[in-house]
Structure formats: C-alpha cells, structure tokens
Amino acid sequence: MEPLLRYLFEYFTRKRYVLFVIPSVCHKKVEWLNKISTKILPINYTNANRVQTLRLLVRQDFVINYKIRRAVEEDNDDLVPLIDSYSSLFRQIYGDFYIAEIITRHPDAGRQLIVAEYKGIAISVLCLNVNVNYEQLNCAFDLDLFGGLYKAEGTHVPINKQSVEITKDTDFAELSLERITTVVDLSSMPSSSSIIKTKASESYINIHDMSWNIPSSDSESSEVFEFSGGQSSKVGSIVEEDTESWDVSEEEEVHQADEESTKVREKQEENAFALEIAVAKPGHESSLFLLLEAAFECFPQKDYCILTIPSDHKYMQLLKFFTRVTPKNKCLHPHELYIVHKSISNPLHVKEATINDIETVSKFCSYIKKPGDMMETFLRYLEEPKSTGRTFLLYSGEKSASLVGVSIVNEIEDLNSLIAKYAIGVFTEIQRDKVENIGVIEFNVMSPLFRIHSKYFLRDTHRLSGYDTLFYAMNRFDGTHHRNRPIPSCLMDLYLVPAMNMTGGLSYPEEPFALYLSTTRLTSIRRYEINNRIVIVGSGYTGIAFMKGLLLTKNLQNQAIFNNVTLIAIQGLCHNKPLHNIRNIMQIKTSIIDYDYIEKLNLRAYVNIITGVVTGINRQEKTVMINKSFSIPYDMLFLMCGNQYIVPNFHQRRSSMINAPENLFTINSESDATNALTKLYELSQNYRGKYTVMVYGHNLECYCCVAALIEFGVPPMYITLVEPAKDKGKEHDFIFQDDEIYEKVMKTIGELGINYLPNYKMIEWGLAQDDKQIMVMLESQLRYLEIECLAVFLYNDKSINMQTYEAIVQSGLVFDGKLVIGPHCNTNDPYIYAAGSVTKYSRRYYANHLLHRYFNSEEIGLTLGKKIRSELIPFNEDTSSIQFTEQCWNKGTNLVPIFEQPLMQYCQLPGNMYYLHIYKPGIVVPLEAAMCDNDYGTVLVTGMCKNLATQGYFRIQLNPSNVIHTITCLSLQSFSYKKLLLLWGKHEAVLNKLVKRFELSYVPDLFEYFDKPWASALFHDDFPYLEEDIMRMLSSKSIMPGASPIEDLVRLFNENGYKPLSTQEMDVLLDKFKDSPYEELIVEKLLDFLGNNLKSLPMYAHPILISYLLAGYEESSLFKDI
C-alpha cells in the first residue's frame, strides 16, 4: 500500500493529509498503518481497540521534501548537464556556462532562475523571464479572457463586440456553397518575437460563451470573478455546419475594435512573466509544482505565468496546472499558449447554494453572454420546496472567497428511454430501481481560468448531490450562437455515450441528440491532451469514420482530448442536415452514417470545420492552401477527399462557354442536392410550356435522381434518361446484379413515360436560343441528337477534384492515376496519409485487387483512426481496438491489409421501389459468371419482381459454408436496411435454421421472417459482442488436451487437406460437443445477454420474466385441484 499512497500524494499535489477511518473490529487488519500514520482517538477515549479511530497520514512522510531557492553561480555544474540531457541547443548557442552568465553577467535582463535542491544537489530548475511580447500574444490568442495580460484599472478592458459568431441557419433553400473565414497567411507574420509564435484555430467559427475579466492582485477580494464575452476551453470550437464568410466591412470593424483595445492597453501595467525552461531529473517531476508556486514570489506584482510549447510536443505533467488559451481565427503559429494564475495554490471548495447566494449568483450570471434561463432555473429550484433541482457553487480562496463556478443538477425523468437508445452499459451499470441516484446536468459554467479544476468541481457535484451518475444531453443548436444555454465547462470531462443503432425493434422518432455521461469513478480517470495539428481533407464516410476512431473510444485506459483537429471539405461536415424526403431519395446510402448518426456523434464539439477546397500543399513548411487564399499548418495531414462527379471537359468545344451553366448540376453532397432542386424549382416556375430535364449517366445514382425528380413534382414525361454507351469490362456497367430487378426497373421507367435513350454519348453543350436552356449534343453509333434542356444532371465517371489533384501533384506526392500509398495508408511523405477511393497501392505490392474503393469506407477510416490514436497517446499500451491483422499493421512489414465488412447499396428507384444490395467486399463479379462457379452456394428467393404489389422480392445467397454472402431486396414498402445489413456474414443455423425451414416451405416471405420477434436479438447492438465472447471461448485451448471440439476440428481439417468433412466425422464432433461443458456455457452466456437486455428484448422467455409472470401461481385457485 505504501507505493499506492506515495503515488496518491504525488498525483494530488495540493493534498497534505490522508485520513483512514478504522472501525473497532478492523484494528488487527490494518497493523501496517502503525508505522506510517498517527493514531487519533475520539475525545475521552483511551482504548483504541474498542472504538472507531482515525489514522492520519502526512504528505512529508511519503514525498521528498525539497529546498526551494534562487539559483547561484555554483549551480551551473548541476544545471547545464541536466538541461543538456533534454536539449543540447542551449549549450550549442551559449556555451558551457550560460547558467552562471545569466546569474552574474546579466542580472538586469529580466530573467530569474529558481531551483529545487535535494541532498545538496539542484535536481530541477525553472527559468523565468519578465520580458513578454504582449502585442504578439494578443494578436495570436484570445487573451481578452484574461484582461489581455494587463492590470485592470477599475474598468473592463474593451472587448471585440464583433465576435466571430457569424453563423446562419440553413434550410432546404440554402444556396451558398463555399463559406470560408479568411486567415492571415504565414508569410505575413513578423519573423522575430520574444514569444514563439503559436498556431491559431484555423478558420472555424469560435462560439464564445463568456469572456472573463480576471481580477488582478489588487482586487482579489471581489466576490465574483468578472467576465464578459468568450471561452477559452476547447468546447469553444463547436461550430454550426454552415457559416457565412467574413466581408470587408466586418473585418474593418473588427480591426478598429482591436486598435481601440490596443490603445487602452498601452496605458495599462503589464501583468505576466514567461516560463522559458522547466527541467527536472527523472523521479523528481513533482518538484516542478513547488517551483511553479515559488515563481510568483519572484515577480510579486505579476498575476500570470505563461508557457508556450510546440504543438507536436509530447504531454508534460506540468501542463495539468495550466489552462490552454484558445488561439484566434486569423493567426498561424507553431506553438500552443498555456497560462496559470497566481491563485494556483488557493484552496477550492464546493458548497450547495442557499437563498443567501442569490445576489452572488445573479452577478455571476450577468457576465455570461448567453445565460439562457440559468438564473430563472436557479431561483425556481430555491423557491419550490418540492423541487429536486439543486445548485452547487465553486469558490476559490479561504477569506473573501471568489465564486468561480456554478453547476445546476436535477433528477432524471425518462431513464428507460435513454437506456433503450444509448449504450450506457459501456461505461456504467444502471440500476433502474435506484433512479434517485441518477441526475442530469442542466447548467455547468466556470471561469476559463479555473477550467483545469472542472473535474474537481464535477467530482464534488457528484458527492454533494448524491448522484452517482450524471447525464447531459446536447442537441444540434446547443453548439451554435442560436443556443439558449451556455456550453457546459465540463463537456470535455464527460464521456460521449455511443448510440444504439438497433434497439430490439423499438423506435424513437424524437430529434436526435448527443448524450454525455459522468460517474464518480469516471471523474478519476486521467485524460491526456494532444496538441498535434491534425488536418483531415474530406468529410465522406472514410473521413467521418476516421474522426470517430481518432477522437472517441470506449477504452477507459485510452482517453485523450485532441485540441487541434481540423476538417477541410467542400461542403463542410456531410450528413449534418435534417432529413428531407426528396433530398434523401437523390442519394444512395452506402453506410449507416446519416443525420441521426452525426448528431449523436457530435463531431462539431471536437473538430474545427473549414468549408473549402485544398489548392496547395507545402510539404517543407507543412501547410495546406485553401481556395488559393489562405494556409493552415499541420503536423499530420490525412487526404480522404475521395472522388466526385465533375463536369466533363470536352476537347473540341464548339461553344464559347468557359464555365458550366448554372442549370447544369453534379450531385456530390446534400448541399448540391438542395441547391439543384431549389434552382430547378425557380426555373420551372419561370418557364411556361413543356420542358426537358435530362439525367445523364450509367450508374445507380441516375435512377435515384429520376425518382427524386418525380417526387419533386417534375412530370415523368418531361424527364429524359440518357445512358452512355457501355465500355465493356468496366465495373460501372453492372448497375443491378440481378437481371429480374433490372427488367422490372426498365419496365417501370417505360410505364411512367420517361424518355429513355441508351447508348448515347454527350459530346458538347451550349446555350439555347433563349439563353436559358441548355442545348445538349448527343451521338450514338447511328444518330446525332440535339436536345434543349431546362436542367441537366450529370452522373458521368467520378474523378478527384482538379484543384486538389494539382495540389497533390505539385507537392511531390507520388500520383499514379491515383494517390500512391503503402500498407499503412502512408504516402512518400511521413507526415501525410491517405485513404479511400482516391488512393491505390504502390505497384510493387501487386495489389490492384485490394484497392480501398473495393472495400467498406467506414471500416477503413475507423481502423486508421484507431491506429493513429494509439500512436499519439503517450504511455498507451492498448492495441485491442485495432482491427487490421496484426501482421499488416506492424511497421516494417509489407502486407497489404484485407478488410472484411460488407458493402451496401440502398436507395429508392422510380415507381416508389426500394432497392437493397449487400455483398462481400472486393471486385464485383457479374452474376452470370459468379453462378458458374462450383463454390457459388445456395440461393433462397421469396417473391417475384413482376408482382411486387403482392409480395416484395428477397434474395439470399449462401456460400458453401451456409454463411450469408449476398442479400438483394426490392419492395414497394420501405424496410430497415440497417437491420438486414446485420444479417450479412451470419450462418444460416443462427437464423433459426433458415435453410431447413425454407426447404420445408415454412418461409413464404423472408421480409416477414426476419421481422418476427424471434430475430430481435440478432439486430441488437450487443449481439456482436456475444458472438465474439462465444467465439473466444470456443477457440481457446482446453486445460485437458483433446477435450476441446475445436482442437478436433482443426486436426480433422489438417488431416483431410482442408476438404469438407464427411457426415460421419461431423456427427462425431457434434456428439463430443454435446458431451462437453461448452454447450452449457453458451446457454449461460445467451441467458446473461437476454437478461441484461430485458427492457429492449421482452419477447424472449427468460427465466427472470417467467418467474415474474408466474409469481404466486401456487396460491392461485386456477392451479388448485377442486
């Protein structure tokens, strides 16, 4: 226990004592405490063996006592080798005696050195400098929160009222496509400064919740820490998905406000000093905190100590006492700025608010920019005697303590709904019969200067409220300037609860929200801050999955906060718009990622979002150019931009048009669909008579577009579908793998009256005579056509964005038709990675059949994100989350990884037909060729495409091992594609012996079969974990050799050369399995799974449910003999 107690005192640097409460019956069990503690008896008691006692442990008995003093000239011999062991830069520049020279030759230079001495040797040192470039710091960082690091002289420092909260709600008629907040180019920054320049928050829109004017030492007795307009925590990076760009007038107003603020500050007294060197010998890092406290005694008139570190610097223990300052939008610096106030050693305490605190809390709320109904809620809970709401206040200092935090909590109302929709069990076990121990956070606001104590405040809120678990729900508007409550200061100390994709058949049509959770245990888990500047290009399925794998994890030993993650995408964050029927029809679903998924993931709380196109990559300076207007720096760059539909560039252009007309559309995102439909509506309203809307392309998206246009109100006879001539051998030729479905779709198109032109190629376009319509020129092998079109939707071959292509090629990255990568998604630049359809493997791997475009994009992004996370987190030992095969991800190997998750296509076709196709990853093989293979397997079909009105078409293909290999559906009724996706890869025996039931004609309709209650467990989110647990048990070796059926199975396969086993051999294995304890263990695990999910799976006859239903049946007259 002594090492544990020693670590306790080292970790909690402010704790001086630890008390053990020893009951009278436990004295003999804790005799080890006698040597290291002081026994304290109750008053008037002398016999310690008969009474409860206290054992007092003192800090000085467990932690080294250091002597803190100023450095002297003789310390040069101790300090120079100590500093040199971390960096030899000082010795190379200043020689071997720079410590002595600072002390003796330059005593008036503003530097001071303080050391911690142990056994006569200086074992740690701080170098302090009073010379600070305040202008540079205020230009780069949001220091208005801290008075600009100047002394307050009775008035507040002017705040920039034109805060960067320039956001705009978007609706279906949103037209703006590219909104960018410009930032200063790196080359325009001054080259010399006494403070190393730091990185800004790129161009995301900072949501300033509050700006605090921290009192100077002359006003420390004030009752409330005053504030008036911003927030320094990382939570401030939450941004609305659509933001307006800065215009000239706005920038001039901001510049004028900054100039006025600078003029006022020139008259103020400077109030900070810089920490230049902080070094300690291994094992003596705790002495740095003592030195930090003593540093303020060297400059008694200064209230702040600042520290800058490179963004890619590894985590330091000293940083847990500092608060990170939010960079401003329009600055580019390579360092991060941290700040600490002289009140670092002041004691903190939390108490419950009473009626006497109304004035103090009112003053506190008056400084919050958007407090919402925080004060009203506080007063209501105080006035209502039966209210369960409670308010807790955080104070700093002992005498004349200052209020620095307010937290309002209440009892939870609808716990069962949360349990059914969110995987709360990942972090804690919820007991439904103890609802009084579960609460919700309504408000949590702290001074940014005390943000480092948010976990302490949260922990004491748990203790005083009696709530073991606290929830916080955050919807899409809570992170925008339209919010009606402040962003909680403790948000980064809460844990995002994963949403349940499937809830056992239960549905909840409410507006989605992100759910956060905190428990008493979770508040003690350490989280590391990662400042590496990570820039992600592209917000498709790969990019979103990568951000999820990088930022979020269920492993409590692998927690971290990423402060500098930036997303660059043409349309911002994809799938973040509310669901709209017509817009959704226009796009194919190839992943479970949708609007609900994004809202529950709440990526906007962790990622800075820039809307734009990458137009340049400077690998030497490690910067990315956006829209040819500004640059942002990176430490790691991830290119996941993918391929998009682009306007073709005809070599022989007969028209004088340079740019594509505004009524020629390529649909690559939700915004593109919104803009196209909005423009089409305007054109159709202003046009009288018959018109033509052309859809050009040979892929599934074309049919989705036709269905959306019909739903939008375009008459089918006004629509022309043009399919270009098929190039034999190309993958896009196989739109529908099932010929019956293709025939049904083409028949429906003909019945609707849609003009269908096959085998025509677009060769040119131009403006018609009215200068409004587009004249499209088409040709086939026999005919040439010119068609006037009111609008044209182009779905030709996909390609990388031309500007991004030029940026990649000009940067020197290897591009061979696609961006060349290695097995670890690495390019020829060690700081640049790439993934997705824009990539290909180097030719030396001979892996053209394993390109990313043939595999699940979500699986690729998620796996890469987990891999990068494991590399960046210090002291990380977790490798369980990495899904790639171990051989593929070990550095130094050259194996190309193979992904296993299936591919999916789900969409709505013309005629209100819903189409689903789920198939294995890899190169698509035509159905006719696949069926000729002897290993094609079994096909199960219900329904007919020719008669969908009676029954939907459902086709399942099983491989020779009777595992589901392909699922194809066509129906006039919508169905859950997410549920059917979970069937892929499962053995037919798990599906209630599907093959045998199908052969006996017990399965007339597969749609109905999988909708029956028995299948609910298969679609539950926890079912894959049950399968993994059972597989892990079966594949483990038995204690007794030969007792495991799996060992016999492996032996028989080896003996037979991996040929199928005979019926006799299978019977022997089954008999041995039934006689083994495995069957009983599997049943036990299955019952545990059902018992843990009784609320969402009530249809199963679990023993708990049966005992509840039959309770008291023995006393019932119905069960007694008459």
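1. Axes, as used in this note, are lines fitted to C-alpha atoms, for helices over the stretch in contact, with angles running from 0 to 180 degrees between N-to-C directions. On that basis, helix H8 (residues 358-366) and helix H9 (residues 374-383) have axes that come within 10 Å and cross at roughly 160°. From H8, Ile 358, Val 361, Ser 362, Phe 364 and Cys 365 meet Met 374, Met 375, Phe 378, Leu 379 and Leu 382 of H9; contact means heavy atoms within 4.5 Å.

2. The model is predicted: local features need pLDDT of at least 70 and side-chain atom pairs count only at pLDDT 80 or more, while totals for chains, interfaces and linings use all residues. Residues are numbered from 1 along each chain as its sequence is written, and side-chain values use heavy atoms, with hydrogens and water left out.

3. The protein contains 29 helices and 46 strands, taken as DSSP runs numbered from the N terminus (helices H or I, at least four residues; strands E, at least two). Of its 1122 residues, 54% count as buried, meaning under 20% relative accessible area, with exposed over 50% and partly exposed in between (1.4 Å probe, protein chains only). Among contacts between residues at least 6 apart in sequence, 73% join residues at least 24 apart.

4. Helix H12 (residues 541-551) and helix H19 (residues 857-872) pack at about 30°, their axes lying 7 Å apart. H12 and H19 are therefore roughly parallel, and their crossing is right-handed. Residues making this contact include Tyr 541, Ala 545 and Phe 546 of H12, together with Gly 861, Leu 862 and Ile 868 of H19.

5. The structure holds 29 aromatic pairs, where rings of Phe, Tyr and Trp (its six-membered ring) pair if their centres lie within 6.5 Å, and planes under 30 degrees apart are stacked, over 60 edge-to-face and the rest tilted. The rings of Phe 427 and Tyr 495 have centres 5.6 Å apart and planes at 50°, so this pair is tilted. It links distant parts of the chain, 68 residues apart: Phe 427 is in the loop between helix H10 (415-421) and strand S16 (438-446), and Tyr 495 is in strand S18 (residues 495-496). Both Phe 427 and Tyr 495 are buried.

6. Tyr 691 and Tyr 718 form an edge-to-face pair, 4.9 Å centre to centre with 70° between the planes. Tyr 691 lies in the loop between helix H15 (670-685) and strand S31 (693-697), and Tyr 718 in the loop between helix H16 (700-712) and strand S32 (719-723), so the pair ties together parts 27 residues apart in sequence. Tyr 691 counts as buried, at 9% relative accessibility.

7. One aromatic cluster is formed by Tyr 906, Phe 954, Phe 975, Tyr 977, Phe 1007, Tyr 1009, Phe 1010 and Trp 1014.

8. Charges also sit over rings (NZ of Lys or CZ of Arg within 6 Å of the ring centre and within 35 degrees of the ring normal). The charged end of Arg 476 is placed over the ring of Phe 477, 5.7 Å from its centre. The charged end of Lys 600 sits over the ring of Tyr 422, 5.7 Å from its centre.

Notes
Angles under 35 degrees count as roughly parallel, over 145 as roughly antiparallel, 65 to 115 as roughly perpendicular and the rest as oblique. A crossing is left-handed if the near helix is turned anticlockwise from the far one by less than a right angle, and right-handed if clockwise.
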